[in-house]
Amino acid sequence: ASSPYTGGATVTVLGNTGGLAKTGFTFNGWNTAANGSGNSYAPAATFTINANTTLYAQWAAVLTPTTTTLTSSLNPTTVGTSVTFTATVEAAVGGTSVIRLWNGLVKAFGGSTPTGTVQFFDGATSLGTGTLDGAGQATLATSSLPVGTHSITAIYGGDSRYTSSTSLALNQVVNQAQQADLLLSADPTTIKVNTTSLMSASGGSGTGAVTYQLISGACSLSGN
């Protein structure tokens, strides 16, 4: 309501005494601009009035809590094999809603799927970011995890309707790759007393030295 004041008077800002309401929002004070870009005033705040002043109600969107779950396409896996992590973000059942300031024009909204991005982490190391699709899922594929057990988490950043949330840790196990068959040959294949045979290995996979071991008999081995 309009109230007359003389220039230089101190004005005390009232609260939402008129019972203003917007579906999906809560009253969050006043501003001298409708889009929230002017001077903001909370109820009971004071200011000096020197000209006609209109205060516009400001609103904060009521955010819905979320839960984020994380799955792996292959666990355990072997080093160098691609694995895809999928994060699913859903509205939580129950819980307490929180609010986020909504500056600008008030827009009503109904039920929807969370939007935005999800960050994937191996411990404290970021693996990358995925964007939520229409089903509320984001994926990230990687083949760079080294041998060992990795604590993978997914963190949803939230949007204008939904809160952020973090998944429980998923222990991704990466094993050493299976060695391919190693073939052993000798030239000549028949070794006589006081003669030499050249032995060699081929095939296999990976890198490193090949160690020869005499299982039985009496002869000497040299080289690698």
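**Close-up views of a predicted all-chain model**

The chain holds zero helices and 17 strands, where helices (H or I, at least four residues) and strands (E, at least two) are DSSP runs numbered from the N terminus. This is a predicted model, in which local features need pLDDT of at least 70 and side-chain atom pairs count only at pLDDT 80 or more, while totals for chains, interfaces and linings use all residues. Residues are numbered from 1 along each chain as its sequence is written, and side-chain values use heavy atoms, with hydrogens and water left out.

**View 1. The chain as a whole.** Of the 224 residues in the chain, 26% are buried; buried means under 20% relative accessible area, exposed over 50%, and partly exposed in between, with a 1.4 Å probe and protein chains only. Among contacts between residues at least 6 apart in sequence, 63% join residues at least 24 apart, a contact being heavy atoms within 4.5 Å.

**View 2. Aromatic rings around phenylalanine 27 and tryptophan 59.** A search of the whole structure finds three aromatic pairs; rings of Phe, Tyr and Trp (its six-membered ring) pair if their centres lie within 6.5 Å, and planes under 30 degrees apart count as stacked, over 60 as edge-to-face and the rest as tilted. The pair of phenylalanine 27 and tryptophan 59 is edge-to-face, at 6.0 Å centre to centre with 80° between the planes. Because phenylalanine 27 lies in strand 2 and tryptophan 59 in strand 5 (residues 56–63), this pair ties together parts that are 32 residues apart in sequence. Tryptophan 59 is buried, with a relative accessible area of 6%. Ring pairs link Phe27, Trp30 and Trp59 into a cluster.

**View 3. Tryptophan 30 and its surroundings.** Tryptophan 30 is found in strand 2 and is buried, with a relative accessible area of 14%. A polar atom of the tryptophan 30 side chain lies 2.9 Å from the backbone oxygen of leucine 14. From C-alpha to C-alpha, tryptophan 30 and glycine 15 are 8.6 Å apart in space, and they are 15 residues apart in sequence. Leaving aside neighbours within four places in sequence, tryptophan 30 is in contact with residues including Val13, Leu14, Gly15, Asn16, Leu20, Tyr41 and Tyr56.

**View 4. Glycine 29 in strand 2.** Glycine 29 lies in strand 2 (residues 25–31) and, at 4% relative accessibility, counts as buried. Although glycine 29 and alanine 57 are 28 residues apart in sequence, they are 6.1 Å apart in space, C-alpha to C-alpha. When residues up to four places away in sequence are not counted, glycine 29 touches Tyr41, Pro43, Tyr56, Ala57 and Gln58.

View 5. Glutamine 172 lies in strand 15 (residues 170–175) and counts as buried, at 0% relative accessibility. The side chains of glutamine 172 and asparagine 75 are joined by a polar contact of 3.3 Å, a term for a pair of N or O atoms within 3.5 Å in which, within protein, one must be able to donate a hydrogen and the other to accept it, and residues adjacent in sequence count only if both atoms are side-chain atoms. Asparagine 75 is itself joined to proline 76 by a cis peptide bond, with omega about 10°, and proline 76 is found in the loop between strand 6 (66–72) and strand 7 (77–78). Not counting residues up to four places away in sequence, glutamine 172 touches both Asn75 and Pro76, and also, among others, Thr77, Val83, Phe85 and His150.

View 6. Threonine 142 is found in strand 12 (residues 137–142) and, at 11% relative accessibility, counts as buried. A polar contact of 2.9 Å joins the side chains of threonine 142 and serine 144. Both Thr142 and Ser144 are among the residues that line the largest cavity, as are Thr77, Val83, Leu145 and Val174. The volume of this cavity is about 30 Å³. By class, the lining has four nonpolar, seven polar and no charged residues. In these terms, a cavity is a set of points on a 1 Å grid over the protein atoms alone where a 1.4 Å probe fits but cannot get out, and lining residues have an atom within 4 Å of a point. Grid points are joined across faces, edges and corners, and a volume is the space filled by probe spheres set on the points. Ala, Val, Leu, Ile, Met, Phe, Trp, Tyr, Cys and Pro count as nonpolar, Asp, Glu, Lys and Arg as charged, and the others, Gly among them, as polar.

Notes: On a 1 Å grid over the protein atoms alone, a cavity is a set of points where a 1.4 Å probe fits but cannot get out, and a pocket is an open set with protein on both sides within 12 Å along at least five of seven lines; lining residues have an atom within 4 Å of a point.
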